[in-house]
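Have a go at each task before you read the solution under it.

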Amino acid sequence: MNLDHIAIAVNDIKQSSKLYGFLQPDNIAFTTFISEDVKIAMLNFGNIKLELLEPLSDNSTIKKFLNNNGPGLHHIAFSVSNLNKYIDLAKEKNFKIIDSISDVDHENNKMIFLHPKSFNGVLIELIERNK
């Protein structure tokens with residue numbers, strides 16, 4: 001398991017990417033993930049990525065997050081080699097799984113989210129990257 005990325009919910013992805021651009025990422029990639037109703041800016045810092053999330057509409061889960069919490073940390077993602085193994089471990093520990101393994105991200109990687117109530121208020125993403 002490795003730290004994959006840290007996601008931050010933002011109101012304005014262009015303004016926020018300029019702000020975090022101060023940290024001099026290797027590159028910044030923008031994409032839109034229609035099925036999740038979100039714009040994404042991925043800032044690559046070598047071994048770690050910072051993911052900025054901007055809602056596309058008022059129905060977006062990111063918009064709901066921003067309304068409840070304001071801009072800030074949304075989730076921490078860990079890459080795993082065997083997502084099924086970690087799903088089984090999470091179930092054994094009675095951690096609340098938000099998504100099913102059939103969910104995929106904007107890069108078609110398998111992923112799940114573990115509820116913040118299971119992790120001291122922090123939303124955890126487990127992601128199995130395509131080879």
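**Exercise 1. Which residue forms a salt bridge with E128, and where do the two partners sit?**

Step 1. E128 forms a salt bridge with K110, and the closest N and O atoms are 3.7 Å apart. A salt bridge here is a side-chain nitrogen of Lys or Arg within 4 Å of a carboxyl oxygen of Asp or Glu.

Step 2. The pair ties together distant parts of the chain: E128 belongs to strand β7 and K110 to strand β6 (residues 110–114), 18 residues apart. Helices (H or I, at least four residues) and strands (E, at least two) are DSSP runs, numbered from the N terminus.

Step 3. Now check burial. E128 counts as buried at 15% relative accessibility, while K110, at 32%, counts as partly exposed. The cut-offs: buried is under 20% relative accessible area, exposed is over 50%, and partly exposed is in between (1.4 Å probe, protein chains only).

A word on the model before you go on: it is predicted, so local features need pLDDT of at least 70 and side-chain atom pairs count only at pLDDT 80 or more, while totals for chains, interfaces and linings use all residues. Residues are numbered from 1 along each chain as its sequence is written, and side-chain values use heavy atoms, with hydrogens and water left out.

**Exercise 2. How many salt bridges does the structure hold, and what does R129 pair with?**

Step 1. The count is four.

Step 2. R129 and D4 meet through their side chains in a salt bridge, at 2.7 Å from N to O. These two are 125 residues apart, with R129 in the segment after β7 (123–128) and D4 in strand β1 (residues 2–9).

Step 3. D4 is buried, with a relative accessible area of 5%, whereas R129 is partly exposed at 23%.

Step 4. Another salt bridge joins the side chains of E54 and K39 (3.8 Å, N to O). E54 is in strand β4 (residues 49–55) and K39 in strand β3 (residues 38–44), 15 residues apart. E54 counts as buried at 12% relative accessibility, but K39 is partly exposed at 32%.

**Exercise 3. Work out what S60 touches away from its sequence neighbours.**

Step 1. Find S60 in the loop between β4 and α2 (61–69). Is it buried or exposed? S60 is buried, with a relative accessible area of 1%.

Step 2. Leaving aside neighbours within four places in sequence, S60 is in contact (heavy atoms within 4.5 Å) with E36, D37 and P55.

Step 3. Look at two of these partners. The side chain of S60 reaches the backbone oxygen of D37 at 3.0 Å. S60 and E36 are 24 residues apart in sequence, yet their C-alpha atoms are 7.1 Å apart in space.

**Exercise 4. Which residues make up the largest nonpolar core?**

Step 1. Nine residues make it up: A7, A9, F33, V38, I40, L53, I62, F65 and L66. A nonpolar core is a set of buried Ala, Val, Leu, Ile, Met, Phe, Trp, Tyr and Cys residues joined through side-chain atoms within 4.5 Å.

Step 2. Sort them by element. β1, β3 and α2 each supply at least two residues of this core, and α2 gives the most, with three.

Step 3. Zoom in on L53, which lies in strand β4 and counts as buried at 6% relative accessibility. Not counting residues up to four places away in sequence, L53 touches several residues, including A7, A9, V38, I40 and I62.

Step 4. Do the like for A9: beyond four places in sequence, its contacts include L53, I62, F65 and L66. A second, separate core has eight residues, among them L83, A90, I112 and L114.

**Exercise 5. Which residues of helix α3 are buried, and what covers them?**

Step 1. In α3 (residues 83–92), L83, I87 and A90 are buried.

Step 2. They lie on the same side of α3 because they cover an arc of only 65° around the axis, taking the directions from the helix axis to the C-beta atoms. As a general rule, an α-helix has 3.6 residues a turn, so residues three or four places apart point the same way.

Step 3. The cover over these buried residues includes β6 and β7.

Step 4. Finish with the helix ends. N82 caps the N-terminal end of α3, with a side-chain oxygen 3.2 Å from the backbone nitrogen of N84. Just after α3, N94 takes a positive phi of about 60°.

Technical notes. Polar contact = N/O pair within 3.5 Å; in protein donor to acceptor, adjacent residues only side chain to side chain.
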